[in-house]
Amino acid sequence: MIYRNKRLTESAKHEECVSCGNPNCCWCHSNEYIHGKGRGQKAHDLFGFYGCQLCHDWFDGKSNIVPPSFEGFIDKYDWFRSMWERSMIIACEKGLIK
């Protein structure tokens with residue numbers, strides 16, 4: 001069973017991108033199978049981050065524009081984990097995850 005949390009995903013509308021600070025945000029799901037990603041299926045809602053469309057497109061491989069926050073990370077998955085951690089702290093502080 002895939003975990004869904006509508007309050008968490010919709011909260012992104014009121015957040016800034018944890019990568020670049022852009023105020024136009026969405027919930028960006030992990031692309032890793034270990035997080036529940038499958039063909040035609042998004043990962044569990046717990047495995048995502050507050051991201052703008054530009055950072056989301058780069059992470060999903062739809063854009064070659066690399067976010068400035070990527071500097072110092074090994075790969076996209078290393079970067080994702082950092083963005084995920086930042087987002088989980090925000091979500092917990094807002095009471096979206098208990």
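Buried here means under 20% relative accessible area, exposed means over 50%, and partly exposed lies in between (1.4 Å probe, protein chains only). Please keep in mind that this is a predicted model: local features need pLDDT of at least 70, side-chain atom pairs count only at pLDDT 80 or more, and totals for chains, interfaces and linings use all residues. Residues are numbered from 1 along each chain as its sequence is written, and side-chain values use heavy atoms, with hydrogens and water left out.

**View 1. The strand pair β1 and β2.** Helices (H or I, at least four residues) and strands (E, at least two) are DSSP runs, numbered from the N terminus. Strand β1 spans residues 25-29, and four of its five residues are buried. Strand β2 (residues 48-52) runs antiparallel to β1, and five bridges join them; two strands pair if DSSP finds at least two bridges between them. Look for C28, whose bridge partner in β2 is F49.

View 2. With a disulfide taken as a pair of cysteine sulfur atoms within 2.5 Å, the count is zero. C25 is in no disulfide, and its nearest cysteine sulfur, that of C17, is 5.6 Å away. C25 counts as buried because its relative accessibility is 13%.

**View 3. The largest nonpolar core.** A nonpolar core is a set of buried Ala, Val, Leu, Ile, Met, Phe, Trp, Tyr and Cys residues joined through side-chain atoms within 4.5 Å. The largest one has 20 residues, and those with the most contacts inside it include L8, W27, F49 and W79. Two or more residues come from each of β1, β2, α2 (53-59) and α3 (76-93), with α3 giving the largest share, five residues. Setting aside neighbours within four places in sequence, L8 is in contact (heavy atoms within 4.5 Å) with W27, D45, L46, Y50, A91, L96 and I97.

**View 4. F73 in the loop.** F73 sits in the loop between α2 and α3. Its relative accessibility is 22%, so F73 counts as partly exposed. Beyond its neighbours within four places in sequence, F73 is in contact with D78, W79, S82 and M83.

**View 5. Confidence.** pLDDT is the predictor's confidence in each residue, from 0 to 100. The protein's mean is 94, and 99% of its residues reach 70 or more. Among the elements, α2 has the lowest mean pLDDT (94) and β2 the highest (97).
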